[in-house]
Amino acid sequence: MTTVEEPARSGGRLRDAARTKAEILDVATREFARSGYAGARVDEIAARTRTTKRMIYYYFGGKEQLFTAVLERAYSVIRQAEQDLDVEHLDPVAAIRRLAELTFDHHEAHPDFIRLVSIENIHEAEHIAASEELGKIGSPALEVIRRILESGRTSGLFTADVDAVDLHAMISSFCFFRVANRHTFGALFGRDLVAADQREHYRTMLGDMVIAYLTADRTTD
């Protein structure tokens with residue numbers, strides 16, 4: 001009997017541990033996004049979960065490691081979406097527009113990701129730089145962009161010689177600004193960049209900007 005029951009108990013413990021870690025990460029994500037790295041408290045995170053501060057330290061090691069784990073999970077979501085993106089059947093113009101829309105949709109749907117990245121920039125990316133996991137993740141989007149750019153140039157649809165990292169920065173900056181600066185921009189200019197009735201306008205505008213950049217005539221007399 002023991003040999004039959006032990007794997008079940010072991011499997012149950014593994015499932016419980018995975019659920020507990022996921023719950024801790026969920027709560028920690030909200031707490032770090034709300035209070036920042038300096039302001040977040042492990043005691044508060046423990047109080048909002050069905051575990052203890054001691055267990056948080058057991059699973060993650062400490063506040064710094066917990067914040068790094070939060071960042072790793074947050075980045076893994078967008079990286080997985082980029083990896084799963086299928087644009088091979090699309091022409092280069094439609095493909096690059098779809099990639100831009102993916103970033104647009106993700107950033108809008110994950111405001112905590114935007115806050116976490118802003119917080120990590122305040123700390124000069126010290127947690128990202130120290131993370132082996134984030135170093136391995138990279139950005140699948142860059143390889144997708146390179147293939148799209150090569151296809152576009154070969155077909156003559158893209159006339160500009162554009163670097164993939166530059167284009168990635170262009171797309172990300174618009175999507176990031178729209179969410180990160182929503183409140184300050186609204187207070188200064190009276191316009192909500194994330195208003196539902198303006199969503200398709202800005203989503204289309206992003207794609208139009210990217211395509212205009214890639215098809216611009218940069219020849220000089």
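Colleague: How do α5 and α6 sit against each other, in terms of axis distance and crossing angle?
Modeller: The axes of α5 (residues 92–109) and α6 (residues 111–122) come within 5 Å, and the crossing is at roughly 85°. Keep in mind that this is a predicted model.

Colleague: Roughly parallel or roughly perpendicular, then?
Modeller: Roughly perpendicular, for α5 and α6. An angle from 65 to 115 degrees counts as that, so the roughly 85° crossing gets the label.

Colleague: Which residues do the touching there?
Modeller: From α5 you have His106, His107, Glu108 and Ala109, and from α6 they meet Pro111, Phe113 and Ile114. Sorted by class, that contact has four nonpolar, two polar and one charged residues.

Colleague: What about α6 and α10, how do their axes cross?
Modeller: At roughly 100°, with the axes of α6 and α10 (residues 164–180) coming within 10 Å. That makes α6 roughly perpendicular to α10.

Colleague: Switching to rings. How many aromatic pairs are there?
Modeller: Seven in the structure. One of them is Phe32 with Tyr37: the ring centres are 6.2 Å apart and the planes are at 15°, so that pair is stacked.

Colleague: Are those two buried or exposed?
Modeller: Phe32 is buried, and Tyr37 is buried as well. For an edge-to-face pair, look at Phe177 and Phe185, with 5.9 Å from centre to centre and 85° between the planes.

Colleague: How accessible are Phe177 and Phe185?
Modeller: Phe177 has a relative accessible area of 38%, which makes it partly exposed. Phe185 comes out as partly exposed too, at 22%. The cut-off for buried is under 20%.

Colleague: Back to Tyr37. Which aromatic cluster is it in?
Modeller: Tyr37 forms one cluster with Phe32 and Phe67.

Colleague: Which lysine lies over the face of Tyr37?
Modeller: Lys63, at 4.9 Å from the ring centre.

Colleague: New topic: backbone angles. What's phi at Glu124?
Modeller: Near 55°, so a positive value in a residue other than glycine. Glu124 is in the loop between α6 and α7 (126–130), and it counts as exposed at 71% relative accessibility.

Colleague: What does Ala125 do for phi?
Modeller: Ala125 has a positive phi too, near 60°, and again the residue is not a glycine. Ala125 is found in the loop between α6 and α7. At 28% relative accessibility, Ala125 is partly exposed.

Colleague: Where does Gly152 sit, and is it buried or exposed?
Modeller: Gly152 is in helix α9 (residues 140–155). Its relative accessibility is 0%, so Gly152 counts as buried.

Colleague: What does Gly152 contact, beyond its neighbours within four places in sequence?
Modeller: Pro92, Leu157 and Phe158. Also, the C-alpha atoms of Gly152 and Asp91 are separated by 8.0 Å, although these residues are 61 apart along the chain.

Colleague: And Thr215, where is that?
Modeller: In the segment after α12 (199–214). Thr215 is partly exposed, with a relative accessible area of 33%. With neighbours within four places set aside, Thr215 contacts Leu157, Phe158 and Thr159. Leu157 and Phe158 are among the contacts of Gly152 too.

Colleague: How far is Thr215 from Gly156?
Modeller: In sequence, 59 residues; in space, 9.2 Å from C-alpha to C-alpha.

Colleague: Last one: where is Glu44?
Modeller: Glu44 is in helix α2 (residues 42–47) and counts as partly exposed at 29% relative accessibility.

Technical notes:
Residues numbered from 1 in each chain as written. Predicted model: local features only at pLDDT ≥ 70, side-chain atom pairs only at ≥ 80, totals over all residues. Heavy atoms only, no water. Axes fitted to C-alpha atoms, helices over the stretch in contact; angles between N-to-C directions. Helix = DSSP H or I, 4+ residues; strand = E, 2+ residues; numbered from the N terminus. Parallel < 35°, antiparallel > 145°, perpendicular 65-115°, else oblique. Contact = heavy atoms within 4.5 Å. Nonpolar A, V, L, I, M, F, W, Y, C, P; charged D, E, K, R; others polar. Phe/Tyr/Trp six-rings, centres within 6.5 Å; stacked < 30°, edge-to-face > 60°. Buried < 20%, exposed > 50% of the residue type's maximum accessible area, 1.4 Å probe, protein only. Lys NZ or Arg CZ within 6 Å of the ring centre and 35° of its normal.
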